[in-house]
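Hello,

Here is the structure I promised to pass on. My notes on its salt bridges follow below.

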Amino acid sequence: MKKVRKELLVTCEKGRSRLALLENSEVAEVYIEKNRKKSIVGNIYIGRITNVLPGMSAAFVDIGVGKNALLYLQDLVLMEDGSHVRPRRISKALKQNDTIVVQVTKDPMSGKGARLTTYLSLPGRLMVYMPQSKRSGVSRKLPERERERLRRLAKEIKPGEGSTIIRTAAQKARKKDLEDDLDYLLKQWAETQEKIASGKKPPAVVYSEPDLAVRVVRDTVTREFRSVLVDNKTEFNRIRDYLSRTAPELKDRVQMHKDKDLLFARYGVDKAIEAALRRKVALPSGGHLVIDEAEALTAIDVNTGSYTGKKSLEDTVLKTNLEASIEVVRQLRLRDIGGIIVIDFIDMENPDNRVRVLETLETELERDRTKTQVVTLSDLGLVEMTRKNVTEGLADTLGKTCPHCEGRGLVFGE
């Protein structure tokens with residue numbers, strides 16, 4: 001994969017931050033939180049079991065955020081004598097009014113409560129610390145030689161309790177960098193344990209993820225970033241303070257945007273967001289995508305449009321599908337589409353061409369930090385894939401359900 005030039009833009013207005021990740025000057029990802037609706041993914045709570053549902057192998061938990069959250073049996077791990085025990089029946093493990101420590105893995109969305117787990121983890125810049133686990137690992141997105149180097153370093157700094165997963169951002173990191181990150185996480189875990197043991201009555205939060213800007217900087221900014229541009233002095237200082245503690249070598253890449261032009265307008269982010277809210281997306285040669293988001297899945301249709309090609313129908317179709325493979329991934333990231341996704345590529349006669357399209361799609365997905373899984377391209381040109389659904393997508397964040405069509409459309413700009 002070619003080297004990508006990355007920049008992060010942070011703009012603040014009316015007490016709210018919005019962020020945009022640029023790759024080679026193109027908007028790749030946008031991070032926006034609704035006013036008064038901060039994401040709670042990653043927060044740890046002392047919750048109270050309100051109802052156990054054996055028929056669903058799940059339990060409802062009150063964590064103090066309005067609608068009760070949902071804990072499935074598959075996400076329930078109990079600690080007994082220092083070892084993990086996964087119960088076979090949820091009714092045997094949990095009772096109504098029990099107190100339980102849980103972490104949020106998915107925000108409330110579409111009228112559903114948050115999704116929970118009892119398998120706790122604390123993310124840092126270079127690693128994730130898992131206090132209940134004994135199995136460590138290294139990101140699979142790193143080259144094998146680098147993974148082996150980081151495995152050796154991880155063994156040398158292994159914590160007394162728990163384990164770590166080394167993140168992609170740790171590429172080329174020194175042993176001291178990893179030690180500093182682990183020390184930071186161990187202190188956070190010690191503070192969290194104190195709050196858990198303090199006897200707080202549920203529901204109560206015992207660990208909160210940082211604000212959006214710091215969270216995105218932590219999870220995305222690495223040595224390959226050219227700059228982090230910020231147009232607000234308070235947010236600028238907050239980000240620099242965080243990097244001073246966790247990655248001093250990156251602190252100077254955070255710069256104030258002092259031009260009169262609004263940051264998002266100058267770099268074309270506002271236009272990219274506006275385009276991402278449309279159903280139809282143009283491709284470079286004249287073809288286009290049609291993206292339809294339903295409640296259960298997202299359907300993406302590929303069309304040649306005005307592109308007629310020059311050599312043959314198969315060549316025209318191949319070029320359109322290859323362009324679509326790149327643009328589909330860009331739209332998934334930009335719109336933050338999750339769940340089941342079906343892509344209807346144009347039919348191709350040549351099996352080698354189908355392989356090329358699928359390989360292009362998978363190569364582009366390597367840039368996506370969100371977990372995805374692709375099923376082989378079928379003879380009909382259909383690709384079925386999943387993308388982890390953690391928060392509301394861009395459309396739901398910026399819009400609201402239309403009162404006239406009862407959910408078949410969205411109203412924006414309010």
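Arg278 and Glu274 form a salt bridge, with their closest N and O atoms 3.4 Å apart. A salt bridge here is a side-chain nitrogen of Lys or Arg within 4 Å of a carboxyl oxygen of Asp or Glu. Arg278 is partly exposed at 45% relative accessibility. Glu274 is partly exposed too, at 47%. Buried means under 20% relative accessible area, exposed over 50%, and partly exposed in between (1.4 Å probe, protein chains only).

Keep in mind that this is a predicted model: local features need pLDDT of at least 70, side-chain atom pairs count only at pLDDT 80 or more, and totals for chains, interfaces and linings use all residues. Residues are numbered from 1 along each chain as its sequence is written, and side-chain values use heavy atoms, leaving out hydrogens and water.

Next, look at Arg330 and Glu327. Their side chains meet in a salt bridge of 3.1 Å, N to O. Both sit in helix H8 (residues 313-335), 3 residues apart, about one turn of the helix. Helices (H or I, at least four residues) and strands (E, at least two) are DSSP runs, numbered from the N terminus. Arg330 is partly exposed at 23%, whereas Glu327 is buried at 13%.

Then there is Asp368 with Arg387, a salt bridge of 2.8 Å between the closest N and O atoms. Asp368 lies in the loop between helix H9 (351-365) and strand S22 (372-374), and Arg387 in strand S23 (residues 382-387), so the pair ties together parts 19 residues apart in sequence. Both residues, Asp368 and Arg387, are buried.

Salt bridges with shared partners also join Glu23, Glu29, Arg333 and Arg367 into one network. The whole structure holds 30 salt bridges.

Best wishes
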